[in-house]
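Colleague: I would like to learn how to read a model of this kind, feature by feature. Could we take each general idea and then turn to the case at hand?

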Amino acid sequence: MQSRSSSSEDAAGQAFHHQTGLTLHEEPSGSSKDPVAALTALVPDLGITGVTVSDYTCMVVARLRADEATRQDRILNDTFARPLLGCNGMALTDLLGIHTRPEGNTLVLRHRLFDDAISAAPESIRQAVILGAGLDSRAFRLQRLAGCRVLFEVEGNAAIAALKTQRLADLGAVPLCAERHAVVADVAGDDWPREIARLGFDATATTLWVVEGLLPYLPADAEARLLQRIDRLSAPGSQLVGDTWGTGQYKFDLSADGAGGDGVKIKSSSTVDQGRKGLRGLVGWRGEALFVRDAEAVCSGTRWEEMARPRFMLEKAAAFLGPWRMEVLTKDITSGVVGE
């Protein structure tokens with residue numbers, strides 16, 4: 001077994017194991033000829049059913065951010081991504097291999113555009129909610145959020161949330177906002193609105209909602225209910241930063257790569273629902289596309305320049321999952337509801 005990287009990481013692992021019963025710093029067990037077994041052994045009991053990868057996606061996108069932060073020509077500098085992943089997170093994403101694929105560039109750019117949209121939110125908005133927060137570190141690195149009275153991070157996977165809490169404590173990280181609350185609740189369920197209300201959410205105040213890479217994983221009815229809840233909790237002037245990928249619900253499964261290597265093949269599937277409205281289902285909200293407004297400025301003169309062209313981004317995203325929409329929506333009227 002490889003030695004652990006530091007005594008602080010060892011302490012974090014012990015504390016996390018004590019809290020959850022999981023071991024998150026051991027090298028993956030099992031033969032390299034069985035990467036799926038190695039993968040599932042790497043994060044035992046992490047809330048995964050069978051060998052579905054859906055709950056691993058927050059680690060994949062964190063790995064993309066971690067790798068981007070090491071580049072001289074980076075467009076995103078998330079210095080929290082690597083320590084939040086830790087040894088096992090890096091090993092897990094090495095097995096998955098998604099971070100080395102071309103479409104990973106699209107996800108890094110998406111995160112940067114979301115950063116910019118959040119940073120541009122009106123100063124009058126002083127509370128924020130990040131839904132499906134995963135290993136998101138914005139509360140600790142985006143200066144705009146220092147102006148927030150309170151920020152809520154809602155994550156449905158209790159083990160991921162516990163891992164993040166322990167790693168942040170080990171780092172001694174202090175949020176920029178006045179208050180930060182980590183809420184463990186299913187974003188498609190009924191509990192999270194009550195929980196954030198209990199912790200100080202004010203439905204009469206404007207809110208910044210961040211919904212990144214979440215909606216495509218929800219069934220159409222769950223997506224509609226989530227947006228309806230957001231609408232009902234939003235005062236006029238609230239903003240929502242979100243993205244959708246076509247009209248499908250996407251799922252990912254794992255299998256050995258079939259080439260005798262140590263990798264894992266990712267198989268994607270989708271169930272298309274032409275009646276799925278996505279962000280267009282919000283009535284009384286006006287919006288604009290993020291990438292049309294911001295991508296060219298972000299990418300000009302960098303290795304990302306080609307991606308700054310809206311046509312390229314649309315075609316790239318459509319080839320990966322479906323037509324890609326990234327939008328900032330602002331609520332105009334108090335009576336807005338999700339369209340039927």
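Modeller: Let us begin with contacts, where contact means heavy atoms within 4.5 Å. Among contacts in the chain between residues at least 6 apart in sequence, 76% join residues at least 24 apart. This is a predicted model, in which local features need pLDDT of at least 70 and side-chain atom pairs count only at pLDDT 80 or more, while totals for chains, interfaces and linings use all residues. Residues are numbered from 1 along each chain as its sequence is written, and side-chain values use heavy atoms, with hydrogens and water left out.

Colleague: How many helices and strands are there in the chain, and what share of the residues is buried?

Modeller: Helices (H or I, at least four residues) and strands (E, at least two) are DSSP runs, numbered from the N terminus; the chain has 11 helices and 9 strands. Buried means under 20% relative accessible area, exposed means over 50%, and partly exposed lies in between, with a 1.4 Å probe and protein chains only; of the 340 residues in the chain, 51% are buried.

Colleague: At what angle do the axes of α3 and α4 cross?

Modeller: Axes are lines fitted to C-alpha atoms, for helices over the stretch in contact, and angles run from 0 to 180 degrees between N-to-C directions. The axes of α3 (residues 57-69) and α4 (residues 81-96) cross at roughly 110° and come within 9 Å. Angles under 35 degrees count as roughly parallel, over 145 as roughly antiparallel, 65 to 115 as roughly perpendicular and the rest as oblique, so α3 is roughly perpendicular to α4. Residues making the contact include Met-59, Val-60 and Arg-63 of α3, and Leu-85, Met-90 and Asp-94 of α4.

Colleague: What span should helix α7 have?

Modeller: The expected span of a helix is 1.5 Å times one less than its number of residues. For the 14 residues of α7 (residues 158-171) this should give 20 Å, and the end C-alpha atoms are 20 Å apart, which agrees. At the start of α7, a side-chain oxygen of Asn-157 reaches to within 3.1 Å of the backbone nitrogen of Ile-160, and α7 is followed by Gly-172, whose phi is positive, near 70°.

Colleague: Is Arg-167 buried or exposed, and what lies 2.7 Å from a polar atom of its side chain?

Modeller: Arg-167 lies in α7 and counts as buried, because its relative accessibility is 5%. A polar atom of the Arg-167 side chain lies 2.7 Å from the backbone oxygen of Leu-84.

Colleague: Where is Phe-152 placed, and which residues is Phe-152 in contact with?

Modeller: Phe-152 is in strand β2 (residues 150-155) and is buried, with a relative accessible area of 0%. Leaving aside neighbours within four places in sequence, its contacts include Val-129, Ile-130, His-181 and Phe-201. Phe-152 and Phe-201 are 49 residues apart in sequence and 8.4 Å apart in space, C-alpha to C-alpha.

Colleague: How does Ala-203 count by its relative accessibility?

Modeller: Ala-203, in the loop between α8 (191-198) and β4 (208-211), counts as partly exposed at 37% relative accessibility. Not counting residues up to four places away in sequence, Ala-203 touches Leu-233, Ser-234 and Ala-235.

Methods: A polar contact is a pair of N or O atoms within 3.5 Å; within protein, one must be able to donate a hydrogen and the other to accept it, and residues adjacent in sequence count only if both atoms are side-chain atoms.
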